[in-house]
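Let's take a walk through this one together. Keep the viewer open and follow along.

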Amino acid sequence: DKYKDGLSKTRKSFSEKINDLVARYRKVDEDFFEDLEEVLIAADVGVTTVMDLIEELQMEVKRRNIKDTAEVKDVISEKLVEIYKGEDETTENTALNMQKDELTVILFVGVNGVGKTTTIGKLAHQLKSEGKEVLLTAGDTFRAGAIQQLNEWGDRVGVDVIKHNEGSDPAAVIYDGIQAAKSRNADVLLCDTAGRLQNKVNLMNELAKVKRVIEREVPNAPHEVLLVLDATTGQNALSQAKTFSEATDVSGIVLTKLDGTAKGGIVLAIRNELDLPVKLVGLGEKMTDLQTFDPNAFVYGLFA
Ligand code: GDP
(Lines give C-alpha, C1' and ligand atoms only; values in the text may rest on other atoms or scores of the structure.)
Protein backbone atom coordinates (compact mmCIF):
# COMPACT_ATOMS: atom_id res chain seq x y z
CA ASP A 1 0.00 0.00 0.00
CA LYS A 2 0.87 3.69 -0.08
CA TYR A 3 2.38 3.76 3.39
CA LYS A 4 4.52 0.75 2.73
CA ASP A 5 5.90 2.18 -0.51
CA GLY A 6 6.24 5.72 0.76
CA LEU A 7 8.08 4.66 3.87
CA SER A 8 10.40 2.22 2.16
CA LYS A 9 13.54 4.26 2.88
CA THR A 10 12.74 4.69 6.54
CA ARG A 11 11.65 1.10 6.81
CA LYS A 12 14.82 -0.13 5.23
CA SER A 13 17.11 1.66 7.64
CA PHE A 14 14.85 1.33 10.65
CA SER A 15 13.67 -2.25 10.61
CA GLU A 16 16.92 -3.58 9.21
CA LYS A 17 18.81 -2.02 12.05
CA ILE A 18 16.34 -3.30 14.60
CA ASN A 19 16.48 -6.79 13.11
CA ASP A 20 20.26 -6.61 13.32
CA LEU A 21 20.04 -5.69 16.96
CA VAL A 22 17.61 -8.47 17.70
CA ALA A 23 19.88 -11.00 15.99
CA ARG A 24 23.00 -9.65 17.63
CA TYR A 25 21.74 -9.51 21.20
CA ARG A 26 19.14 -12.21 21.58
CA LYS A 27 18.89 -11.40 25.30
CA VAL A 28 17.41 -8.13 26.48
CA ASP A 29 19.96 -6.17 28.50
CA GLU A 30 21.27 -2.64 29.08
CA ASP A 31 23.52 -2.72 26.01
CA PHE A 32 20.60 -3.74 23.82
CA PHE A 33 18.62 -0.72 24.97
CA GLU A 34 21.60 1.56 24.45
CA ASP A 35 22.01 0.40 20.86
CA LEU A 36 18.27 0.63 20.28
CA GLU A 37 18.42 4.21 21.52
CA GLU A 38 20.99 4.98 18.83
CA VAL A 39 18.88 3.41 16.08
CA LEU A 40 15.88 5.50 17.10
CA ILE A 41 17.87 8.72 17.30
CA ALA A 42 19.34 8.04 13.86
CA ALA A 43 15.77 7.72 12.51
CA ASP A 44 15.07 11.25 13.83
CA VAL A 45 12.61 10.12 16.47
CA GLY A 46 14.08 12.91 18.63
CA VAL A 47 16.03 12.63 21.86
CA THR A 48 13.15 13.43 24.22
CA THR A 49 10.84 10.99 22.49
CA VAL A 50 13.50 8.29 22.42
CA MET A 51 14.07 8.68 26.17
CA ASP A 52 10.33 8.37 26.82
CA LEU A 53 10.10 5.37 24.57
CA ILE A 54 13.08 3.51 26.06
CA GLU A 55 11.73 4.08 29.55
CA GLU A 56 8.30 2.75 28.56
CA LEU A 57 9.92 -0.23 26.87
CA GLN A 58 12.03 -1.10 29.85
CA MET A 59 8.99 -1.01 32.13
CA GLU A 60 6.95 -3.13 29.77
CA VAL A 61 9.74 -5.67 29.34
CA LYS A 62 9.97 -6.00 33.12
CA ARG A 63 6.21 -6.20 33.55
CA ARG A 64 5.82 -8.95 30.96
CA ASN A 65 9.06 -10.60 32.00
CA ILE A 66 10.38 -10.55 28.43
CA LYS A 67 13.87 -12.00 28.06
CA ASP A 68 14.07 -12.46 24.33
CA THR A 69 14.90 -9.53 22.02
CA ALA A 70 12.64 -10.95 19.29
CA GLU A 71 9.64 -10.34 21.54
CA VAL A 72 10.72 -6.78 22.20
CA LYS A 73 10.11 -5.95 18.56
CA ASP A 74 6.35 -6.24 18.99
CA VAL A 75 6.47 -4.13 22.11
CA ILE A 76 8.37 -1.46 20.19
CA SER A 77 5.61 -1.13 17.59
CA GLU A 78 2.93 -1.09 20.29
CA LYS A 79 4.72 1.65 22.16
CA LEU A 80 5.37 3.68 19.00
CA VAL A 81 1.64 3.73 18.30
CA GLU A 82 0.89 4.63 21.91
CA ILE A 83 3.45 7.43 21.93
CA TYR A 84 1.94 8.74 18.78
CA LYS A 85 -1.60 8.68 20.03
CA GLY A 86 -0.69 10.35 23.31
CA GLU A 87 -2.61 10.04 26.56
CA ASP A 88 -6.06 11.06 25.47
CA GLU A 89 -5.76 11.25 21.72
CA THR A 90 -7.39 9.03 19.18
CA THR A 91 -6.83 8.72 15.46
CA GLU A 92 -9.95 10.80 15.06
CA ASN A 93 -8.15 14.04 15.60
CA THR A 94 -6.00 13.39 12.56
CA ALA A 95 -9.11 14.04 10.43
CA LEU A 96 -9.47 17.49 8.91
CA ASN A 97 -12.07 19.74 10.49
CA MET A 98 -14.49 19.91 7.54
CA GLN A 99 -17.74 21.84 7.81
CA LYS A 100 -20.89 20.04 6.75
CA ASP A 101 -23.03 22.55 4.89
CA GLU A 102 -20.85 25.60 5.07
CA LEU A 103 -17.64 26.82 3.53
CA THR A 104 -14.51 25.24 5.01
CA VAL A 105 -11.43 27.47 4.92
CA ILE A 106 -8.02 25.88 5.26
CA LEU A 107 -4.91 28.01 5.58
CA PHE A 108 -1.51 26.55 4.67
CA VAL A 109 1.65 27.92 6.26
CA GLY A 110 5.30 26.88 6.09
CA VAL A 111 8.65 27.91 4.66
CA ASN A 112 9.44 27.87 0.94
CA GLY A 113 10.18 24.55 -0.65
CA VAL A 114 8.54 22.34 1.98
CA GLY A 115 5.76 21.32 -0.42
CA LYS A 116 2.91 23.71 0.38
CA THR A 117 1.77 24.24 -3.19
CA THR A 118 2.04 20.55 -4.00
CA THR A 119 0.05 19.63 -0.90
CA ILE A 120 -2.69 22.11 -1.78
CA GLY A 121 -2.87 20.59 -5.28
CA LYS A 122 -3.02 17.04 -3.92
CA LEU A 123 -5.65 17.90 -1.33
CA ALA A 124 -7.72 19.74 -3.94
CA HIS A 125 -7.62 16.60 -6.05
CA GLN A 126 -8.66 14.43 -3.11
CA LEU A 127 -11.54 16.70 -2.09
CA LYS A 128 -12.71 17.07 -5.65
CA SER A 129 -12.85 13.32 -6.10
CA GLU A 130 -15.07 13.23 -3.00
CA GLY A 131 -17.46 15.45 -4.93
CA LYS A 132 -16.59 18.72 -3.22
CA GLU A 133 -16.46 22.08 -4.94
CA VAL A 134 -12.93 23.35 -4.28
CA LEU A 135 -11.33 26.73 -4.85
CA LEU A 136 -7.67 27.73 -4.42
CA THR A 137 -6.29 31.11 -3.40
CA ALA A 138 -2.76 32.14 -4.36
CA GLY A 139 -1.82 33.90 -1.12
CA ASP A 140 1.92 33.47 -1.67
CA THR A 141 2.39 36.72 -3.54
CA PHE A 142 6.02 36.95 -2.42
CA ARG A 143 7.92 34.03 -3.95
CA ALA A 144 8.57 34.39 -7.67
CA GLY A 145 6.62 31.73 -9.54
CA ALA A 146 4.44 30.69 -6.61
CA ILE A 147 1.22 32.01 -8.21
CA GLN A 148 2.03 30.36 -11.52
CA GLN A 149 2.81 27.07 -9.80
CA LEU A 150 -0.48 27.03 -7.91
CA ASN A 151 -2.22 27.89 -11.14
CA GLU A 152 -0.65 24.87 -12.82
CA TRP A 153 -1.94 22.65 -10.05
CA GLY A 154 -5.37 24.19 -10.47
CA ASP A 155 -5.30 23.31 -14.17
CA ARG A 156 -4.06 19.79 -13.50
CA VAL A 157 -6.71 19.09 -10.88
CA GLY A 158 -9.46 21.06 -12.62
CA VAL A 159 -10.22 23.64 -9.94
CA ASP A 160 -10.16 27.44 -10.18
CA VAL A 161 -7.46 29.58 -8.65
CA ILE A 162 -8.13 33.09 -7.35
CA LYS A 163 -5.01 35.18 -7.84
CA HIS A 164 -3.58 38.67 -7.93
CA ASN A 165 -0.24 39.89 -9.21
CA GLU A 166 3.06 39.04 -7.59
CA GLY A 167 3.87 41.45 -4.77
CA SER A 168 0.25 42.29 -3.99
CA ASP A 169 -1.35 42.10 -0.55
CA PRO A 170 -1.96 38.46 0.47
CA ALA A 171 -4.90 39.47 2.66
CA ALA A 172 -6.56 41.13 -0.34
CA VAL A 173 -6.30 38.05 -2.55
CA ILE A 174 -7.58 35.85 0.25
CA TYR A 175 -10.49 38.25 0.72
CA ASP A 176 -11.28 37.85 -2.98
CA GLY A 177 -10.96 34.09 -2.68
CA ILE A 178 -13.55 34.08 0.10
CA GLN A 179 -15.98 36.23 -1.89
CA ALA A 180 -15.59 33.95 -4.91
CA ALA A 181 -16.10 30.86 -2.75
CA LYS A 182 -19.25 32.36 -1.25
CA SER A 183 -20.76 33.42 -4.54
CA ARG A 184 -20.10 29.99 -6.07
CA ASN A 185 -21.27 28.15 -2.99
CA ALA A 186 -17.95 26.33 -2.82
CA ASP A 187 -17.37 23.70 -0.14
CA VAL A 188 -13.68 24.24 0.49
CA LEU A 189 -11.26 27.13 0.07
CA LEU A 190 -7.57 26.22 0.25
CA CYS A 191 -5.33 29.23 0.89
CA ASP A 192 -1.62 29.34 0.15
CA THR A 193 0.57 31.83 2.05
CA ALA A 194 4.13 33.10 1.73
CA GLY A 195 6.76 31.24 3.70
CA ARG A 196 9.54 33.66 4.38
CA LEU A 197 11.07 33.08 7.75
CA GLN A 198 13.91 35.59 7.55
CA ASN A 199 11.80 38.22 9.21
CA LYS A 200 9.64 36.77 11.92
CA VAL A 201 7.82 40.03 12.64
CA ASN A 202 6.75 40.35 8.99
CA LEU A 203 5.65 36.74 8.93
CA MET A 204 3.59 37.21 12.10
CA ASN A 205 2.00 40.41 10.82
CA GLU A 206 1.17 38.93 7.45
CA LEU A 207 -0.36 35.77 8.91
CA ALA A 208 -2.26 37.78 11.50
CA LYS A 209 -3.72 40.02 8.81
CA VAL A 210 -4.73 37.08 6.63
CA LYS A 211 -6.33 35.40 9.61
CA ARG A 212 -8.25 38.53 10.57
CA VAL A 213 -9.74 38.73 7.09
CA ILE A 214 -10.78 35.08 7.18
CA GLU A 215 -12.21 35.37 10.70
CA ARG A 216 -14.20 38.44 9.74
CA GLU A 217 -15.62 36.97 6.52
CA VAL A 218 -16.35 33.37 7.56
CA PRO A 219 -17.68 32.40 11.01
CA ASN A 220 -15.36 30.08 12.97
CA ALA A 221 -12.79 30.10 10.19
CA PRO A 222 -10.04 29.28 9.44
CA HIS A 223 -11.14 25.75 10.23
CA GLU A 224 -7.60 24.47 9.91
CA VAL A 225 -4.22 26.16 9.91
CA LEU A 226 -1.96 23.47 8.53
CA LEU A 227 1.76 23.83 8.95
CA VAL A 228 3.61 22.07 6.16
CA LEU A 229 6.96 20.55 7.14
CA ASP A 230 9.52 18.71 5.02
CA ALA A 231 10.43 15.39 6.64
CA THR A 232 13.83 15.36 4.94
CA THR A 233 14.91 18.39 6.98
CA GLY A 234 14.74 16.34 10.16
CA GLN A 235 15.16 18.21 13.41
CA ASN A 236 15.06 21.48 11.45
CA ALA A 237 11.38 20.80 10.85
CA LEU A 238 10.90 20.80 14.61
CA SER A 239 12.40 24.25 14.97
CA GLN A 240 10.29 25.58 12.08
CA ALA A 241 7.25 24.21 13.85
CA LYS A 242 8.19 26.10 16.99
CA THR A 243 8.60 29.35 15.06
CA PHE A 244 5.28 29.03 13.26
CA SER A 245 3.43 28.02 16.41
CA GLU A 246 4.60 31.28 17.91
CA ALA A 247 3.50 33.23 14.82
CA THR A 248 0.01 31.76 14.53
CA ASP A 249 -2.33 29.11 15.97
CA VAL A 250 -1.38 25.97 14.09
CA SER A 251 -4.06 23.26 14.18
CA GLY A 252 -2.17 20.45 12.51
CA ILE A 253 0.87 19.33 10.57
CA VAL A 254 1.32 18.15 7.01
CA LEU A 255 4.55 16.19 6.79
CA THR A 256 5.80 16.00 3.21
CA LYS A 257 8.49 13.99 1.43
CA LEU A 258 8.38 11.05 3.82
CA ASP A 259 9.18 8.96 0.76
CA GLY A 260 12.47 10.82 0.40
CA THR A 261 13.90 10.17 3.83
CA ALA A 262 15.17 7.31 5.95
CA LYS A 263 14.29 9.40 8.98
CA GLY A 264 10.53 9.04 9.13
CA GLY A 265 10.78 8.89 12.91
CA ILE A 266 10.37 12.66 12.79
CA VAL A 267 6.60 12.03 12.80
CA LEU A 268 6.88 10.76 16.36
CA ALA A 269 9.10 13.61 17.48
CA ILE A 270 6.62 16.16 16.10
CA ARG A 271 3.68 14.50 17.79
CA ASN A 272 5.42 13.97 21.10
CA GLU A 273 7.39 17.18 21.39
CA LEU A 274 5.03 19.73 19.87
CA ASP A 275 1.73 18.20 20.81
CA LEU A 276 0.38 18.93 17.33
CA PRO A 277 -1.40 16.23 15.37
CA VAL A 278 0.12 15.18 12.05
CA LYS A 279 -2.99 15.26 9.85
CA LEU A 280 -1.65 14.53 6.38
CA VAL A 281 1.51 12.99 5.01
CA GLY A 282 3.10 13.40 1.59
CA LEU A 283 4.47 10.14 0.26
CA GLY A 284 5.48 11.19 -3.25
CA GLU A 285 5.15 13.84 -5.94
CA LYS A 286 2.05 12.54 -7.67
CA MET A 287 -1.45 13.93 -7.28
CA THR A 288 -2.53 10.83 -5.35
CA ASP A 289 0.47 10.75 -2.99
CA LEU A 290 -1.23 12.45 -0.07
CA GLN A 291 -2.58 10.36 2.77
CA THR A 292 -4.49 11.02 5.94
CA PHE A 293 -2.10 10.22 8.73
CA ASP A 294 -2.85 6.91 10.38
CA PRO A 295 -0.52 6.03 13.29
CA ASN A 296 -1.20 2.30 13.02
CA ALA A 297 -0.56 2.19 9.29
CA PHE A 298 2.50 4.34 9.77
CA VAL A 299 4.09 2.13 12.42
CA TYR A 300 3.07 -0.97 10.50
CA GLY A 301 4.73 0.61 7.44
CA LEU A 302 7.94 0.95 9.41
CA PHE A 303 8.11 -2.73 10.26
CA ALA A 304 6.28 -4.34 7.36
P1 GDP B 1 6.39 25.18 -1.58
O2 GDP B 1 7.48 26.16 -1.88
O3 GDP B 1 6.28 24.95 -0.11
O4 GDP B 1 5.10 25.52 -2.20
O5 GDP B 1 6.89 23.77 -2.16
P6 GDP B 1 6.47 23.00 -3.50
O7 GDP B 1 5.06 22.55 -3.40
O8 GDP B 1 6.86 23.81 -4.65
O9 GDP B 1 7.37 21.69 -3.40
C10 GDP B 1 8.79 21.73 -3.49
C11 GDP B 1 9.28 20.44 -4.13
O12 GDP B 1 8.98 19.32 -3.29
C13 GDP B 1 8.61 20.11 -5.46
O14 GDP B 1 9.59 19.64 -6.34
C15 GDP B 1 7.62 19.00 -5.13
O16 GDP B 1 7.37 18.14 -6.20
C17 GDP B 1 8.32 18.29 -4.00
N18 GDP B 1 7.41 17.58 -3.10
C19 GDP B 1 6.34 18.06 -2.43
N20 GDP B 1 5.75 17.12 -1.67
C21 GDP B 1 6.45 15.97 -1.88
C22 GDP B 1 6.37 14.61 -1.36
O23 GDP B 1 5.51 14.25 -0.54
N24 GDP B 1 7.30 13.74 -1.81
C25 GDP B 1 8.29 14.10 -2.68
N26 GDP B 1 9.15 13.16 -3.06
N27 GDP B 1 8.40 15.34 -3.18
C28 GDP B 1 7.51 16.27 -2.78
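Predicted model: local features only at pLDDT ≥ 70, side-chain atom pairs only at ≥ 80, totals over all residues.

**A guided walk through the model**

Start at threonine 69, where a polar atom of the side chain sits 3.0 Å from the backbone oxygen of valine 22. Residues are numbered from 1 along each chain as its sequence is written, and side-chain values use heavy atoms, with hydrogens and water left out.

Threonine 69 belongs to helix α5 (residues 69–85); helices (H or I, at least four residues) and strands (E, at least two) are DSSP runs, numbered from the N terminus. With a relative accessible area of 1%, threonine 69 is buried, where buried means under 20% relative accessible area, exposed over 50%, and partly exposed in between (1.4 Å probe, protein chains only). Set aside the neighbours within four places in sequence, and threonine 69 is in contact (heavy atoms within 4.5 Å) with Val22, Tyr25, Arg26, Lys27, Val28 and Phe32.

Asparagine 65 has a positive phi of about 55 degrees although it is not a glycine. Most residues other than glycine have a negative phi, and most peptide bonds are trans. Asparagine 65 is also exposed, at 51% relative accessible area.

Now head for strand β1 (residues 104–109). Six of its six residues are buried, so the strand is largely enclosed by the rest of the structure. In a regular strand the side chains alternate between the two faces of the sheet. Here Thr104, Ile106 and Phe108 point one way from β1, and Val105, Leu107 and Val109 point the other way. What does β1 pair with? Two strands pair if DSSP finds at least two bridges between them. Four bridges join β1 to strand β4 (residues 188–191), and the two run parallel; look for valine 105 opposite leucine 189 in β4. Four bridges also join β1 to strand β5 (residues 224–230), again running parallel, with isoleucine 106 opposite glutamate 224 in β5.

While you're around β5, check the loop between α9 and β5, where proline 222 sits. A cis peptide bond joins alanine 221 and proline 222, with omega about -5 degrees.

On a 1 Å grid over the protein atoms alone, a cavity is a set of points where a 1.4 Å probe fits but cannot get out, and a pocket is an open set with protein on both sides within 12 Å along at least five of seven lines; lining residues have an atom within 4 Å of a point. Grid points are joined across faces, edges and corners, and a volume is the space filled by probe spheres set on the points.

The second largest pocket has a volume of about 200 Å³. Its lining has 13 residues, of which Thr118, Lys122, Lys257, Gly284 and Glu285 lie nearest its centre, and helix α6 (residues 116–129) gives the most, with three residues.

As for cavities, a search of the whole structure finds one of 30 Å³ or more. The largest cavity is lined by Gly139, Pro170, Ile174, Thr193, Ala194, Glu206, Leu207 and Val210. The elements giving two or more residues to that lining are α8 (170–183) and α9 (200–217), with α9 giving the most, at three residues.

Finish at helix α11 (residues 266–274), which is mostly covered, with seven of its nine residues buried. Among the buried residues of α11 are Ile266, Leu268 and Arg271. Just after α11, aspartate 275 takes a positive phi of about 55 degrees.

Note on methods:
Polar contact = N/O pair within 3.5 Å; in protein donor to acceptor, adjacent residues only side chain to side chain.
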